[in-house]
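This report goes through one protein model, from a single residue to the whole chain. Look at the structure first, then read on.

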Amino acid sequence: MKSRKVGIMGGTFDPIHLGHLVIANEVLNIFKLDEIIFIPSGNPPHKNGTKASSQDRYLMATLATLSNNKFTVSDIEIKNPEKSYTLNTIAELINIYTDTEFYFITGADAIINLPNWREPEKLLKLCKFIAVSRPGISKEIVEENIAAIEKNFNGNIELLQAPMLQISSTDIRNRFKNGKSAKYLLPESVEQYIIKNNLYLENNNEL
Ligand code: NAP
């Protein structure tokens, strides 16, 4: 049995918001973890890019987590110019943090695509997965997909319903674009960082 249990919050965090922080805290309590490491994704293999730069997303995550001594932020993905595969990230962390059991936490909609990630079977052996589902995503469809992944790749994925994920990064970006307040959806320090650095001001709305 490993002596430490660490959660990895993987996502673009474009920007980080209170939904992410509440989920991290819930997972910390439910799974009795020692620490949660937020890892803003660097150069995701399946995406054309993010709206805010890697450095801005990293700094916003750092500001958001400052007041919690069980939350840290890692630049392991953003400092790497290559495509960031979760398999490589977890393997690197296992080398750094010996005697640690890892829990990878991210959105259920991302985890449903796990069969298309790099070496899913190997990845599922390296860490436990926690799929966080937001309101509006069909529970039955998520459960069906997760059951199929567990069966095909011989892994274990916990499903967590998170009402706080009604808050979404896309909605927050649209608010800044449209000059609408995003107050109380994200930490004040992150809101101020976005305003000061003129982030998310392009014209067209995203879906
Ligand atoms: P994303 O676009 O940021 O998030 C996908 C969905 O999950 C969004 O609905 C998002 O809500 C939510 N979400 C994001 N991070 C979350 C978290 N930690 N807890 C709960 N919900 C979260 O992220 P993504 O690009 O799909 O990637 C998610 C993670 O999977 C990243 O770490 C990425 O590197 C990894 N990934 C790896 C591979 C691979 O290895 N081949 C492929 C795909 C994804 P908000 O928009 O409100 O944040």
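Is Tyr-184 buried or exposed?

The model is predicted. In it, Tyr-184 has a relative accessible area of 71%. Since exposed means over 50%, Tyr-184 is exposed. The residue sits in the loop between helix 7 (169-177) and helix 8 (188-196).

With a relative accessible area of 64%, Lys-32 is exposed.

## A cis peptide bond

Asp-14 and Pro-15 are joined by a cis peptide bond, with omega at about 5 degrees. Pro-15 belongs to the loop that runs between strand 1 (4-11) and helix 1 (18-30).

## Order of the elements

The protein chain has eight helices and six strands. Starting at the N terminus, their order is β-α-β-α-β-α-β-α-α-β-α-β-α-α.

## The chain as a whole

A compact globule of 207 residues would have a radius of gyration near 17 Å, and the protein chain agrees with this because its value is 17 Å. The C-alpha trace spans about 50 × 35 × 35 Å along its principal axes. Of contacts between residues at least 6 apart in sequence, 77% join residues at least 24 apart.

Of the 207 residues, 45% count as buried. The accessible surface is about 10900 Å², and carbon and sulfur atoms account for 48% of that surface. The chain has 23 positive and 24 negative charges, whose mean positions are 1 Å apart.

Terms used
Residues are numbered from 1 along each chain as its sequence is written. This is a predicted model: local features need pLDDT of at least 70, side-chain atom pairs count only at pLDDT 80 or more; totals for chains, interfaces and linings use all residues. Side-chain values use heavy atoms; hydrogens and water are left out. Helices (H or I, at least four residues) and strands (E, at least two) are DSSP runs, numbered from the N terminus. The radius of gyration is taken over C-alpha atoms; the globule rule is 2.2 Å times the number of residues to the power 0.38. Buried means under 20% relative accessible area, exposed over 50%, partly exposed in between (1.4 Å probe, protein chains only). Contact means heavy atoms within 4.5 Å. Accessible areas come from the Shrake-Rupley method with a 1.4 Å probe; for residues, only the protein chains shown count as cover. Lys and Arg count as positive and Asp and Glu as negative; His and the chain ends are not counted. The place of a charge is taken as NZ of Lys, CZ of Arg, CG of Asp or CD of Glu.
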